[in-house]
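The following explanation leads the reader through one protein structure. Please keep the sequence and the structure in view while reading.

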Amino acid sequence: MTGVRIVGVGHYAPERIVDNQELETWFDTSDEWITSRTGMKRRHWTSPDEATSDLALAAARNALANANLEPGDIDAYVVATVYPDYLFPATACIVASKLGAVDKAAFDIEIACSGFIYGLTVTSSLVRAGVYKRVMLIGAETLSKLVNKEDRGTAILFGDGAGAVILEASEQDSFLAAELGSDGSKPELLRVAAGGSRRPVDHAALDEGADRIYMEGREVFKFAVTKMIAATDAALAKAGLAKSDVDFLIPHQANKRIIDAAMKYLDIPAERCVVNIHEYGNTSAASIPIALSEAVRAGRVKPGDVIVFVGFGGGLSWGAVVWKWA
Ligand code: ACO
């Protein structure tokens with residue numbers, strides 16, 4: 001088996017910024033409440049004519065430039081998203097085509113906010129097994145189009161953006177271990193109830209908000225803290241590493257208080273954890289690759305650093321990947 005490493009990173013967020021002050025004009029909320037409960041200050045939202053593939057495309061171009069590669073150099077394109085351009089075709093097909101990458105493999109992964117963690121495990125495995133030499137993984141989301149803008153409990157949380165990584169076969173192996181999990185027994189805790197085959201969208205018959213994100217925030221919060229820590233522990237054990245071996249934590253950006261709990265457990269100081277939730281809010285499958293791209297471009301990640309990527313979300317689902325930066 002060959003190894004895998006990341007040879008390029010990129011990210012993109014739409015121009016329009018929705019700050020907490022703007023949200024104060026929509027419903028009964030305050031900058032103080034949002035900041036203290038979530039750590040969020042702003043989020044980027046798409047314009048009506050921008051779709052998920054547009055953000056993915058911009059992040060992909062950014063990553064190709066960073067790696068000094070052409071679209072045709074990539075063997076497979078994978079997009080992790082919970083809100084594709086269409087139910088089908090896959091958003092990855094649209095992105096590959098718009099890049100001018102002809103006849104390449106392309107598919108989507110849908111496991112909500114855990115999408116990048118699952119995607120990194122799947123794409124790394126494709127490279128390590130020798131199936132493909134180079135794979136691009138993009139996390140891209142436009143959840144501003146899916147939130148109920150009258151529900152202050154969820155409308156404040158989500159932002160739009162995309163982050164991309166290019167994986168390449170390598171003698172050194174960056175992928176040390178992964179732990180993935182799911183529990184689909186309570187979909188009602190976090191879901192979009194209508195729009196799938198269980199309940200096709202029929203606007204005339206929909207009860208209010210059934211085609212928008214619904215979340216039991218407090219329940220999801222408790223689950224998130226528990227699973228983030230358990231997944232990290234399990235992935236580190238599989239890698240034969242201890243908490244003290246971790247140089248860098250790059251968590252899903254869902255809530256600053258959840259990130260703080262993970263940092264405390266791992267005993268990771270603030271300078272070794274990437275937090276950009278104040279700028280982007282929760283961008284679901286895009287949050288970890290955006291954070292990684294920012295950290296790499298800022299020179300915060302050094303060769304040899306052991307990174308824990310950890311995320312959780314709808315499913316419910318969770319996962320952690322231990323990665324040695326090369
Ligand atoms: N402004 C002001 N008050 C608010 C707001 C708001 N925007 N939203 C809720 N409140 C009120 C509630 O109505 C409630 O009032 P009450 O006590 O009178 O009933 C009070 O604030 C407390 O509400 P809680 O929901 O208990 O607040 P909590 O401290 O749990 O924070 C939050 C809510 C931020 C949503 C938190 O629960 C959270 O972050 N949960 C996890 C979210 C998450 O991680 N999602 C990840 C996956 S997303 C995916 O996969 C697509």
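In this predicted model, a salt bridge joins the side chains of arginine 42 and glutamate 279, with a distance of 3.0 Å from N to O. To place these two residues, one must consider how the chain is divided. The domain assignment gives domain 1 as residues 3-172 and domain 2 as residues 176-324. Between domain 1 and domain 2, the count is one salt bridge.

Polar contacts also cross this boundary: 19 residue pairs, both members at pLDDT 80 or more, are found in polar contact across the interface of domain 1 and domain 2. Several elements of domain 1 supply two or more residues to the side that touches domain 2. The helices among them are H2 (31-38), H3 (52-67) and H5 (115-128). The strands are S1 (3-12), S3 (42-44), S6 (134-142) and S7 (160-170). Sorted by class, this side of domain 1 has 26 nonpolar, 18 polar and nine charged residues.

The extent of the interface may now be considered. The centres of the two domains, taken over C-alpha atoms, are separated by 14 Å. Domain 1 contributes 53 residues to the contact, and domain 2 contributes 47 residues.

How much area do domain 1 and domain 2 bury between them? The value is about 3800 Å², and 64% of it lies on carbon and sulfur atoms. Within domain 1, the residues that lose the most area to domain 2 are His11, Cys113 and Ile117. Together, these three account for 17% of what the domain 1 side buries.

How values were computed. Residues numbered from 1 in each chain as written. Predicted model: local features only at pLDDT ≥ 70, side-chain atom pairs only at ≥ 80, totals over all residues. Heavy atoms only, no water. Domains from an automatic or database assignment. Contact = heavy atoms within 4.5 Å. Buried area = accessible area lost by both parts, 1.4 Å probe. Salt bridge = Lys/Arg side-chain N within 4 Å of Asp/Glu carboxyl O. Polar contact = N/O pair within 3.5 Å; in protein donor to acceptor, adjacent residues only side chain to side chain. Helix = DSSP H or I, 4+ residues; strand = E, 2+ residues; numbered from the N terminus. Nonpolar A, V, L, I, M, F, W, Y, C, P; charged D, E, K, R; others polar.
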